Amino acid sequence: MAVEVGPVFKGRGWGSLWIYVVGLPRCRQILRAHEDDLHPVTIDVGTLFDKGILRQMEGDDHRRYRSALVQAIGALPADRAEGQVSRVGHSLKDMSGLQDAAPMPVQTFKSLLARIVLDELAHVIFGVEPGEPAHDELVAAYGELGGNGLVWNIGTRQARAYAAIAAILRRHSATTEARGPASTSVLANLLQQGPVDAVMLGNLIYMVEMGRYDMAAFFRWLTWFAAMHQDWMQRIAEATDTQQAVAAAFVMEALRLEQSERLVRRVKRDFVAEGFLFPKGANVRFCIWESHKSPDAHAEPFSFDPGRFLGERPGPDRYSPFGIDRHQCPFGAYSIRLAAAFVTALATHFHIGLSGSGAPVRGLYHWEPAEDFSPVFTERKPRSTNGSRP
Ligand code: HEM
């Protein structure tokens, strides 16, 4: 549809009017000119805490909470990436059955990825590490909050789980605060700025909840790309000085092709853009996936080539997987580093084969690799001591 009737067109979905906008410069122009006419659409957590999540905040509230968060993320230590690689590597190696050259059962692999991501997010956001008493309590409570995916309509089970997580974190904050300036989590860095109110705490809780599904789903895509593009995995395994840069380029190219799909807004009052009426109440889908496939933005847009991210980086009118306006993802750089750590750990420890051959499927919130896709891991032998390429 984007090619045939785009770049702007209308349709009906889920009983309401949708307007689709394709092309990053066009999306940016409309978002900028009409930021006060558009409201971000996201999960309603109003029964759990006031003001909602950052994505739906506007004006001063948004500026205040976002700037505190960005400052706390900026104060995280720069050398986290090395720890991430070794942690992810250990999690992968510790899994029994990884090295027997048989496909890992689909659900086992999904659960492994979900666990790697939850452990990492609990560490970076809350400062809770595996082995600490609060860790197991958090894992159990997050199991109640969602489990197989983000629960969009908050019910009593979510309210109970949310209260449990907030109580664990309040107890934990007391000790985090006591740890002082050496702490390395977003929560600890926020506590350095002053008291963390219920709105900020609720936001942190939901960042972990939403981030864990998104990152685990993205890690599954990365594993699929790794199985499809062994040449790049070999290059990452063998790279020394450039390993981080090549792994990051691999991640950025995967994000250009998959997972980063759209921004959704609701029209608050009528306006006209690109010759179309955007009537009050309509939904607008700013099409990121399609925009990333435009030949104006990238040559041979459907082929996987991380090389396009080595050297000169495409600007935001050609590449914007983390959003376009003032709601851009504050965890963009962190997500790329974490995902690059995952790819590096995969490349360093394993050759990855492919089991399952179907087409991608529409999951709960994103397109995903085929339902039957599962990787086949075999151990990668350390490269020869003379360092020559095979
Ligand atoms: C590959 C991983 C990720 C992608 C592709 C991604 C993408 C995005 C996008 C496109 C937006 C803008 C949404 C909009 O304008 O409607 C956004 C916002 C946001 N993301 Fe991410 N994200 C990722 C990972 C994460 C993680 C791991 C976290 C936290 C744990 C996170 C936290 C947030 C927050 C809090 C916002 C709202 C910012 C605001 O409204 O000011 N994201 N993300």
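Modeller: L138 sits in helix α6 (residues 133–145); helices here are DSSP runs of H or I with at least four residues, strands are E runs of at least two, and both are numbered from the N terminus. Bear in mind that this is a predicted model, where local features need pLDDT of at least 70, side-chain atom pairs count only at pLDDT 80 or more, and totals for chains, interfaces and linings use all residues. Residue numbers start from 1 along each chain as its sequence is written.

So, is L138 buried or exposed? It has 23 C-beta neighbours inside 10 Å, and therefore counts as buried (20 or more other C-beta atoms within 10 Å; exposed is 12 or fewer, partly exposed is in between, with C-beta placed from the backbone). Leaving out neighbours within four places in sequence, L138 is in contact with A122, V128, I165 and I168, contact being C-beta atoms, again placed from the backbone, within 7 Å. L118, 20 residues away along the chain, has its C-alpha 9.5 Å from that of L138.

Follow the contact to I165 and you find it touching L138, A141, Y142, L145 and I205, again not counting residues up to four places away in sequence. I165 also belongs to the largest nonpolar core, which has 77 residues; along with L222, V251, F342 and V343, I165 touches the most other members. A core here is a set of buried Ala, Val, Leu, Ile, Met, Phe, Trp, Tyr and Cys residues joined through C-beta atoms within 7 Å. Helix α9 supplies the largest share of this core, 16 residues. There's a second, separate core too: it has 18 residues, V8, I19, Y20 and F286 among them. In soluble globular proteins, nonpolar side chains tend to be buried together.

Helix α9 turns up again around the ligand. Spanning residues 198–228, α9 gives five residues to the shell, the most of any contributor. In total 22 residues surround the ligand, with G211, G323, H327, C329 and F331 the closest; being near means having a C-beta, placed from the backbone, within 6 Å.

Now for the sheet. Five strands make an open sheet in the order β1-β2-β7-β4-β3, with mixed pairing; two strands pair if DSSP finds at least two bridges between them. β1 (8–13) and β3 (38–40) are the edge strands, each with a single partner, so each has one side left without a neighbour in the sheet. From one strand to the next the twist averages 35°, taking axes as lines fitted to C-alpha atoms (for helices over the stretch in contact) and angles from 0 to 180 degrees between N-to-C directions. Packed on this sheet is helix α2 (residues 24–33), which touches β2, β3 and β7 and whose direction makes about 125° with that of β2.

Look at β7 (residues 283–287) next. It runs parallel to β2 (residues 16–22), and five bridges join the two. Among the bridge partners, I19 goes with V284, and V21 with F286. On to β4: this strand pairs with β7 in the antiparallel sense, over five bridges. V284 in β7 has R265 standing opposite, while R266 has N283 as its bridge partner. Four of the five residues of β7 are buried, so the strand is largely enclosed by the rest of the structure.

One last stop is H34, in the loop between α2 and β3. With 18 other C-beta atoms within 10 Å, H34 is partly exposed. Setting aside residues up to four places away in sequence, H34 touches F271 and A273. By contrast, H34 and F109 are 75 residues apart in sequence and 43 Å apart in space, C-alpha to C-alpha.

Conventions: Two residues are in contact if their C-beta atoms, placed from the backbone, lie within 7 Å.
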